[in-house]
Amino acid sequence: MTLSKSDTPLSVMPTGILLRSVVMTSVMSSPLLFRPCLALLRKLTESKSLLFDESRNPILKALLRHTVYAHFNAGINKEEVIKTVKELKRIGFKGVNLGYGREIVLGTNHGQQNTAAQGHNDLQMVEEWKQGTLQTLEMIGPGDFTAIKFTGAGPIAMEAMLKGQNMPEPISNAINEVCESAARQGVRIWIDAEQQAIQHTIDSWTIDLMRKYNRDRAPLVYNTIQGYLKGARDNTTRHIKLAAAEGWTLGVKLVRGAYIEHEDRSLIHDTKEDTDRSYNDIASALIERRLPQQPASEASENYPQVALFLASHNKDSVRNAMRIYRQRVESGQPTIILETGQLQGMADEVSYELLQADREWSAANSGAATTKPIPMAYKSLVWGTVAECMHFLHRRAIENRGAATRTERMAQALRQELRRRVFG
Ligand SMILES: Cc1cc2nc3c(=O)[nH]c(=O)nc-3n(C[C@H](O)[C@H](O)[C@H](O)COP(=O)(O)OP(=O)(O)OC[C@H]3O[C@@H](n4cnc5c(N)ncnc54)[C@H](O)[C@@H]3O)c2cc1C
């Protein structure tokens, strides 16, 4: 990714978003300011006190809506979401991944469900989950993604996942209706990875969906692989071998993993460096059409069609994958469909660099019919009421605390762009 002198990557960011991002990233990268904000977010997520209930405390609601919620989320209704998505596509993003914010987070005792689920009729929850997802589909268009969390379907899904059972009929009916609706609209679906207590079942349910729906080169359904797991490479190999043997297209969203604070730690790589190696190895293996931990020379003829969505804020991982992909496209070697994306409000300097590389390549190759050696860039957003998005927001806050150096780098890049606009 090379930058031209006249055009910085963030120069296409609208000024309103730039100003909000400068404030938010400055707070998130300052331990003094961020610690109390994180404590407040935790309280809001867990407390049953009226004072911390945003739906009954209008001042709190307004405060959240215009700060942390606006920074990370797409909107609370269709009108707001459509406006946000349109703006991102105008800026140059190829598309968005839109998810519905409602979810259940397991405590350390996996038998206990979050109290937010209590009091609801179980079947009604599945119906609301389905309707929420169908509504999400109405807000996006061809080429976009929608993210689905099985925990959002409530106790019926949760119980079956904890017991490792087949997909219960109400969930199966709902997800098939969603898949068929998405296929009609040209929208793709990725199934989010969650905690290990339920992830094995999520994998097996999602593999069944890929078997059924991924019959073309471009898949409809993507499963998520978490690179921080010690078993991630083996799990990737299992997915590749199954897809090759059974003749369906493998869709993979590759993430590092977001549940380190809630997960059995022994399942996760001991160090960040091991997680990085695992993530980068899986990404390059897929791009080079080989199994993880095998040399590139052992790329197999019998390799399935693969589409990889590289979901990461890590500049080195994105650049590394892009370099390998670019080399393969430019030298005419076989590769896979590669797309990449970052969450809204996170790692904007990475997202906007990709957009700039894309603009520069298009300007230099106008009319060329070759495959673009720049992976298509997406932004991921969650929509829903402030209350529905609280768990998501809390995780983003924890993630920013864990990546303080990167958040500071993003804050610096944003402040530099603001100075450039003000002082020329
Ligand atoms: C578009 C998108 C979709 C996502 N979907 C999901 C999803 O479905 N499921 C999910 O779980 N996550 C998901 N995530 C979050 C993701 O898993 C990461 O938490 C987040 O992106 C940070 O990782 P990173 O690749 O950006 O890089 P970095 O910030 O460089 O890596 C941070 C990550 O490294 C790992 N890590 C940190 N410290 C250690 C340590 N001491 N030892 C071992 N590993 C460590 C953790 O996974 C941590 O999140 C998604 C992220 C994006 C951008």
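The structure is a predicted model. The shell around the ligand holds 28 residues, and the protein buries 87% of the 930 Å² that the ligand exposes when taken alone. Helix α10 (272–287) contributes to this shell and also packs with helix α11.

**Residues around the ligand**

- Among the 28 residues of the shell, those that come nearest to the ligand are K253, G257, T275, H313 and R406.
- Sorted by class, the shell comprises nine nonpolar, 11 polar and eight charged residues.

**Polar atoms at the ligand**

- A polar side-chain atom of S312 is found 2.8 Å from an oxygen atom of the ligand.
- The backbone also takes part: a polar backbone atom of A258 lies 2.9 Å from a ligand oxygen atom.
- For T271, a polar backbone atom is 3.5 Å from a nitrogen atom of the ligand.

**Cover and contributing elements**

- The ligand alone would expose 930 Å², and 87% of that area is buried by the protein.
- Two or more residues of the shell come from each of the strands β5 (221–226), β6 (250–255) and β8 (337–343), and from helix α10 (272–287).

**Helix packing**

- Two packed helices are described by the angle between their axes and the distance between the axes.
- Helices α10 and α11 pack at an angle of about 20°, and their axes are 10 Å apart.
- Since angles under 35 degrees count as roughly parallel, α10 and α11 are therefore roughly parallel to each other.
- The crossing that α10 and α11 form is right-handed.
- Helix α11 (residues 315–330) also packs with helix α12 (residues 348–364), at an angle of about 25° and with the axes 10 Å apart.
- Helices α11 and α12 are therefore roughly parallel to each other as well.
- Where α11 passes α12, the crossing is right-handed.

Terms used: Residues are numbered from 1 along each chain as its sequence is written. This is a predicted model: local features need pLDDT of at least 70, side-chain atom pairs count only at pLDDT 80 or more; totals for chains, interfaces and linings use all residues. Side-chain values use heavy atoms; hydrogens and water are left out. A residue is near a molecule or strand if one of its heavy atoms lies within 4 Å of it. A polar contact is a pair of N or O atoms within 3.5 Å; within protein, one must be able to donate a hydrogen and the other to accept it, and residues adjacent in sequence count only if both atoms are side-chain atoms. Accessible areas come from the Shrake-Rupley method with a 1.4 Å probe; for residues, only the protein chains shown count as cover. Helices (H or I, at least four residues) and strands (E, at least two) are DSSP runs, numbered from the N terminus. Ala, Val, Leu, Ile, Met, Phe, Trp, Tyr, Cys and Pro count as nonpolar, Asp, Glu, Lys and Arg as charged, and the others, Gly among them, as polar. Axes are lines fitted to C-alpha atoms, for helices over the stretch in contact, and angles run from 0 to 180 degrees between N-to-C directions. Angles under 35 degrees count as roughly parallel, over 145 as roughly antiparallel, 65 to 115 as roughly perpendicular and the rest as oblique. A crossing is left-handed if the near helix is turned anticlockwise from the far one by less than a right angle, and right-handed if clockwise.
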